[in-house]
Amino acid sequence: MAVQNVESHVAGQWIGCDSAARDIHSAVTGDLIARAGNSALDTEAMLEYARAKGGSALRAMTFHDRARMLKALALHLGQHKKALYDASFATGSTHKDHLIDIDGGIGTLLVFASKGRREMPDDTIYLDGNIEQLSRSGTFLGQHICTSLTGAAVHINAFNFPVWGMLEKLAPTLLAGVPAIVKPATATCYVTELCVRIMLESGLLPDGAVQLISGDIGALLDDVGSQDVISFTGSAQTALKLRSTPSILHNATRFIAEQDSLNASILGPDAEVGTPEFDLFIKEITRETTAKAGQKCTAIRRIIAPEPLVEAVITALRKTLERTIIGDPSDTATQMGPLVSQAQRRDVLQKAALIEQDATRVFGHPEKFQVSGADRKKGAFVPPMLFYCETPDTAQYVHDVEAFGPVSTVMPYRDLDHALRLTNKGKGSLVASVITNDGDFARQAALGAGAFHGRLYFNNRQSMNESTGHGSPLPHMVHGGPGRAGGGEELGGVRGVLHYMQRTAVQGSPDILTRINRKWTAGSAEVTRDAHPFTRTFHELEIGETLHTASREISLADIETFAHFTGDTFYAHMDEAAAKRNPFFPGRVAHGYLLLSFAAGLFVQPDEGPVLANTGLDNLRFLKPVQAGDSIQVHLTVKQKTPRNQDYGEVRWHVTLTNQNGERAAEYELLTMNAYSRG
């Protein structure tokens, strides 16, 4: 079998190994399959190429442009999944493991592509929060904006997810408009290299948007600056070493870490044997122990169960774990493959030996287990190992040592406070799960464990059929954790994108903020046109274009007709004496929704035209009661425009209803879909 020369992609060129390359062995057979590393890589040139070439190209694109790029990239990778699957078997990954790593990575790209289109503007500036009025009359305002960093992101990834680990960092980075230099763990970098080749050969990425270091990172971190970002996944020891790099400290370079985590799962006292929750608890632990051979940063390391249920938990776990088929990961019958390498096997067994000083091994002997279709001694195989710690309060290693493999420890708790103390002894974790059907127990667990965890996963009979699992970080939600888990956050939708952007407070007049934000700000200049705005296409409409309608008087007959027609006969509209006793009303008042209906009658242009649909209202507020005899007038202003597809875009209108005295009675934002042409 030929040994693969794993290459790096540097400043637009593929560069092979040199004499400093490290050997990579198959996790399944132990055979030498690849070599990676080049001590002569010009890392300074990589940073400069990323900043000057990739960064400038990405920053010229809007969020929507980048989102479309991510979607196209995901669809392209989806056409090459089999090649990635085939390469991944040598890492020890089974067919089901591929779904986590490869399909999960592609899915993450798609989620960020969707969020980029739906939750971010078709612009290069992201608005963070609302306008702040900084002066009495509103002529001086403030707004937080986010703009792309002008540096490069350095992604240092772990060995366990060579595809997902890269793509979950790349998706928010590229959406933010920042280029990336990817440094995968050497043990599985050959899979990452294939994925990068597929992406670069697609032609979908601008030059310099993604570069790759296969092997040692060299002096790259010595040249990072204040506009760069380091995003790291791995051990706490390595994270500390990297954080201490003088250039990172001197330049206050952003450093995002996701590191060691002794995640726990708590079985609620209501989840007795025979309940759906008890069975779910066993299923979750079994899956988290065996998926990726336990090599997941979110795997369950500590199993915390009520004292009366501990024996039943151990018995049930033994039964499920002993049915686990360990073997050749390319065999569809295999449920758990080997660890990634012999070095990792040695590390896991050493850590398991430390845990055994606190606990009793109740399942799994590292030298006595069956392997199907492979040589147990040549491959990096270990069995699932389950420990029982009877005295978790005084134990040291079960709360401090992570055996990064199929190793978990059961421990008893007396009550909820005790369970939470044990959970929090992990000193900060990525995730803890609570399996319970008791909502009060769940709330107390959230209050007691939230400060120590990046994610709390609750599951029970109601959600179990659709839940994604304890160990599944989702792109919509934050992935990270405090304390020993690193203190960083990844994913989390737009939150993850903002890690690669600078938040800036801008202050100025309404007109200035409107120009900066490309979003009309109350108090800024209005644009008037002869034609009704509903007769104008999406592209013809201007930000700030405003229609001032005629006024309409509200009569008592209007109020009563609306009340009887809709069935809304609330006393404030129908009973003068009762309405006057209400501190909010001077007497009988018009329905808020009557005002909205009359407002639409004032500003709508009824003829067929570019307005295709009204899709909703946002931020509706009723500000001043309207009584019979009062009049209302409407100001309708184009606030923001967002393209949605090839035929139409969304127009956000600022709608203000004022009474005969010019006082605001109501305010809201109207959403319409407007055609690009008069087709």
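Visitor: What does helix α9 reach from its first C-alpha to its last?
Guide: Helix α9 (residues 276-290) has 15 residues and reaches 21 Å between those atoms, close to the 21 Å expected at 1.5 Å a residue, where the expected span is 1.5 Å times one less than the number of residues. Helices here are DSSP runs of H or I with at least four residues, strands are runs of E with at least two, and both are numbered from the N terminus. This is a predicted model, in which local features need pLDDT of at least 70 and side-chain atom pairs count only at pLDDT 80 or more, while totals for chains, interfaces and linings use all residues. Residues are numbered from 1 along each chain as its sequence is written, and side-chain values use heavy atoms, with hydrogens and water left out.

Visitor: How many of the α9 residues are buried?
Guide: Eleven of its 15 residues are buried, among them Phe278, Phe281 and Ile285; buried means under 20% relative accessible area, exposed over 50%, and partly exposed in between, with a 1.4 Å probe and protein chains only.

Visitor: And what do those pack against?
Guide: The buried residues of α9 pack against β13 (264-267), β14 (302-306), α10 (310-322), β17 (407-413), β18 (429-435) and β19 (453-459), with contact meaning heavy atoms within 4.5 Å.

Visitor: What follows α9?
Guide: α9 is followed by Lys292, which has a positive phi, near 55°.

Visitor: Switching to α5, why call it largely enclosed?
Guide: Because twelve of its twelve residues are buried, α5 is largely enclosed by the rest of the structure, and the buried residues include Trp164, Glu168 and Lys169.

Visitor: How do α3 and α6 pack?
Guide: Helix α3 (residues 81-88) and helix α6 (residues 189-201) pack at about 165°, with axes 9 Å apart; the axes are lines fitted to C-alpha atoms over the stretch in contact, and angles run from 0 to 180 degrees between N-to-C directions. The contact involves Ala83, Leu84, Ala87 and Ser88 of α3, and Tyr190, Val191, Leu194, Cys195 and Ile198 of α6.

Visitor: Is Cys195 buried or exposed?
Guide: Cys195 counts as buried, at 0% relative accessibility, and Cys389 is buried too, with a relative accessible area of 0%.
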